[in-house]
Amino acid sequence: MSSSSYIEYHGLLLPHISHSAESLEYAENFSVEDTDVFAVTYPKSGTVWMQEILPLVLNGGDLTPINTIVNWDRVPWLEETRLEKVVDQLASPRALVSHFTYNLMPPSFHTSKAKVIYVMRNPKDVLVSSYYFHQMTSFLEDPGTFDEFMEKFLYGRVLFGKWTDHIKSWKRAKLGDRILFITYEEMVQDLPASIKLMSDFLGSNLSEEVIQKVAEQCSFKTMKSNCMSNFSLVPKKYMDNKKSLFLRKGIVGDWKNHFNSEQLAWFTSVLLKELEGKNISLPWSL
Ligand code: A3P
């Protein structure tokens, strides 16, 4: 098995390093509780950011978990191998993250009242972030040139498949008031307001003062220096911080520094075609 091997699951590619047949079976049989909160994202849309924010919104701003527990154990991925190992230590209410499309959520999720915060990010910035992530990780395929990686992204030959399929699956889910859609861009623009939205959605009723404190702790700058969240504890043979940092730029619109006009036209036409007639409203133009 090469270090960059993948598992295929319902047609989606998942990295072997953190997923196994057992972890996926565990996720399928996972017993979701009514009080569980899931942050769901397509990769590179703000997952680790949510692993920082959610515990604080749920515990009233107590910084202990973000300073003492690594992000992947603090708010584990539903589909990854760590979940089974840490599930008994999770604080209540439990916070989890997932990159699953809606149809892959376990049966117990559908019968529960568990809530979901779905974070969307402009797919052009997702692509750029993912490109650098593939460069710094040894367990993912070398991305090749930006053009080559764009092709893979557009045709879903990347982690968790096509961006459009992910968005469509969650936008069509009939979850009513169990789901909050928020964008990475809103969070960058006004983090306190985004935290307030999440706090209201989860019934946390955080005070203005606590919201400000949470926003400061979850700022790009603070997270970048938190070894429990910046992946610096991952051995260099898996993630090489010299090639790129996990908390890389944390900005909106970096795609403008990477796309040429042909790539932009190509990217836009493929995505628009896939979303055509699907009645999916997006907060940005593609
Ligand atoms: P960039 O590579 O564009 O910097 P994920 O956690 O889903 O893999 O997403 C990673 C992206 O979220 C990276 O984007 C990372 O820098 C960004 N990110 C993480 N925490 C952030 C924060 N506090 N503020 C802004 N962006 C953040």
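Which residues is Ile117 in contact with, leaving aside its neighbours within four places in sequence? I started my notebook with that one, keeping in mind that this is a predicted model.

**Entry 1: Ile117.** I listed the contacts of Ile117 beyond its sequence neighbours and got Phe38, Ala39, Val40, Met50, Leu54, Leu180, Ile182, Met198, Phe201 and Leu202.

**Entry 2: the core.** Next I looked up the largest nonpolar core, which has 95 residues. Ile117 turned up again, as one of the members that touch the most others, along with Phe38, Ile53, Phe109 and Trp170. I then checked which element gives the most to this core, and it's helix H2, residues 47-59, with seven residues.

**Entry 3: the ligand.** I counted what surrounds the ligand and found 18 residues, the closest being Thr47, Ser129, Tyr184, Lys249 and Gly250. For Tyr184, I noted an N or O atom of the side chain 2.7 Å from a nitrogen atom of the ligand. Gly250 uses its backbone instead: an N or O atom there lies 2.8 Å from a ligand oxygen. Gly46 also has a polar backbone atom, 3.0 Å from an oxygen atom of the ligand.

**Entry 4: Lys85.** My last stop was helix H5, residues 82-86, where Lys85 lies. Is Lys85 buried or exposed? I put Lys85 down as exposed, because its relative accessible area is 53% and the cut-off is over 50%.

Note on methods
Residues are numbered from 1 along each chain as its sequence is written. This is a predicted model: local features need pLDDT of at least 70, side-chain atom pairs count only at pLDDT 80 or more; totals for chains, interfaces and linings use all residues. Side-chain values use heavy atoms; hydrogens and water are left out. Helices (H or I, at least four residues) and strands (E, at least two) are DSSP runs, numbered from the N terminus. Buried means under 20% relative accessible area, exposed over 50%, partly exposed in between (1.4 Å probe, protein chains only). A nonpolar core is a set of buried Ala, Val, Leu, Ile, Met, Phe, Trp, Tyr and Cys residues joined through side-chain atoms within 4.5 Å. Contact means heavy atoms within 4.5 Å. A residue is near a molecule or strand if one of its heavy atoms lies within 4 Å of it. A polar contact is a pair of N or O atoms within 3.5 Å; within protein, one must be able to donate a hydrogen and the other to accept it, and residues adjacent in sequence count only if both atoms are side-chain atoms.
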